[in-house]
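Please look at the sequence and the three-dimensional model below before reading on.

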Amino acid sequence: MSNTQNTVPGVAITGPMVARYAEILTPEALGFVAEIQRRFNPTRKSLLNLRAERQKQFDAGKTPDFLPETKAVRDADWKVGAIPADLLDRRVEITGPVDRKMVINALNSGAKVFMTDFEDANSPTWANNLDGQINLKDLWTGRIDFTDPVSGKQYKLKPNPAVLMVRPRGLHLEESHLSVDGEPVSGAFFDFALYVFHNAKAMQAKGTAPYFYLPKLEGHLEARLWNAVFEHAEEKLALPVGTFKATILIETLPAAFEMDEILFEMRDHIVGLNCGRWDYIFSFIKKLANNQAYVLPDRGQVVMGKAFLRAYSLLLIKTCHRRGAFAMGGMAAQIPVKNNPAANEAAFAKVRADKEREAGDGHDGTWVAHPDLVPVAMEVFDRLMPQANQLSKLREDVAMTAKDLLEVHEGTRSEAGFRENIRVGVQYIEAWLRGRGAVPIYNMMEDAATAEISRAQIWQQVKYGLDLDQGTKATPELFERCLKEEMERVKGEVGAENYAKGRFPEAIDLFRTLSLAAKFEDFLTVPAYKLIA
């Protein structure tokens, strides 16, 4: 135990205080976190209850629709606040976790923006979260360079690095190692508050400001909460209103029906929306999980250019540009395929085609998961978007109805897809339990959204006993047989020694529990967190 926790009334630290953690968890910083938690946690909890109530309506057969009570906001003419100069060109953004080597490599990657991630690309161990805060503090105080103790390789920040954005955890997650008045602190508030407390002034001195990606929002009331948190923090840190800027990921199905309202609630603090495609697919499955009419085909057939994904990406562009905000494209999850030039070029061709669709539709930029894909995406946007952004591309030709936003992809469900979901889901959870949140699996960079899609698809297919190809039916018995066989395959792929040293028994048990549960679990990261906390 550290004496730090005794200096702030009502605040207790249960995580180990090692290395430089006391630099981050100062009495002043803890007081700042505690004030935000006390002031805003009741609202956060009531909004999570609202999510649960809404889910009951979806489970009863209701489908999402545009809100009649906010029609005036959608119809009125208004714009978001001014966009800072260093965010006017965001044509290629790279994402990744908060570990030191990744931060330096991503900032040096040639991308315009680096989103460093305390959320889906981060396994939220106490060490990962605190080391991430130390890395960001060192970045803004000019101390981020380091030498890898294992390889001896030196990592240094180059001139003109990418602009930094930070993604805190979602509102549903808690930080169990820090409590305020006997309650675990919100993971979102913990990540946000520590970052701005330690770095806002240093960033301002360097001509920039704290910029954020906000994940998993389900509607405009949650955006209203974040806006209030921003305003409170700005006031406490003596910064002008509108200093902090956010891009919000539209990665839940309900949020797609409230894009205007979300922009309106955060209009002083928002610069854009992003198509968080993988989580959006998961949310589509989750929200409509009890409605057999909305069961999707195999993941590989749920593509951005068709059905509900096409509709939502076009509506996002139209909505953002009408309001003077950026419409950011989604993640290209492909990564380079080493020692196989043909497979590598096929992967790059997929990325190129995806980015050409985005730039052609009117997106202002896009995401990649690997530094080698920065030039691929950059070439496309440089060619199709020679100007800094496409805010002038209003897409007034786009008219999307609720039916369009709920259109299911045509396609098939296969036993091969069922088995792939098992392999990918279990391997991701196993790596997450070992503290890794961004995991290369089968030449794709996977994060938590991938495992969520995997178990959600299996849950639905088994629940309804759906027919797969080759005359098989999705049943608990098929799941158990496939699980056993696919884990033997994974053992062969990763090697028996690595398999034995890993956390596969826990990952298999959790994946089985989630896939066969009577009631759909909202987020796998909530029960999984208990295994790492």
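In this predicted model, Phe114 stands opposite Leu164 in strand S6. The model is predicted, and local features need pLDDT of at least 70, side-chain atom pairs count only at pLDDT 80 or more, while totals for chains, interfaces and linings use all residues. Residues are numbered from 1 along each chain as its sequence is written, and side-chain values use heavy atoms, with hydrogens and water left out.

Strands (E, at least two residues) and helices (H or I, at least four) are DSSP runs, numbered from the N terminus.

| Partner of S3 | Sense | Bridges |
|---|---|---|
| S2 (residues 92-97) | parallel | five bridges |
| S6 (residues 163-167) | parallel | five bridges |

The chain passes from S2 through helix H4 (residues 100-107) to S3, in a β-α-β crossover that is right-handed, which means that, with the strands pointing away from the viewer, the path from the first strand over the helix to the second runs clockwise.

Is S3 buried or exposed? Five of the five residues of S3 (residues 113-117) are buried, so the strand is largely enclosed by the rest of the structure; buried means under 20% relative accessible area, exposed over 50%, and partly exposed in between (1.4 Å probe, protein chains only). Val113, Met115 and Asp117 lie on one side, and Phe114 and Thr116 on the other.

His269 is found in the loop between helix H9 (259-265) and strand S11 (270-275), and His269 counts as buried because its relative accessibility is 0%.

Definitions and conventions
Two strands pair if DSSP finds at least two bridges between them.
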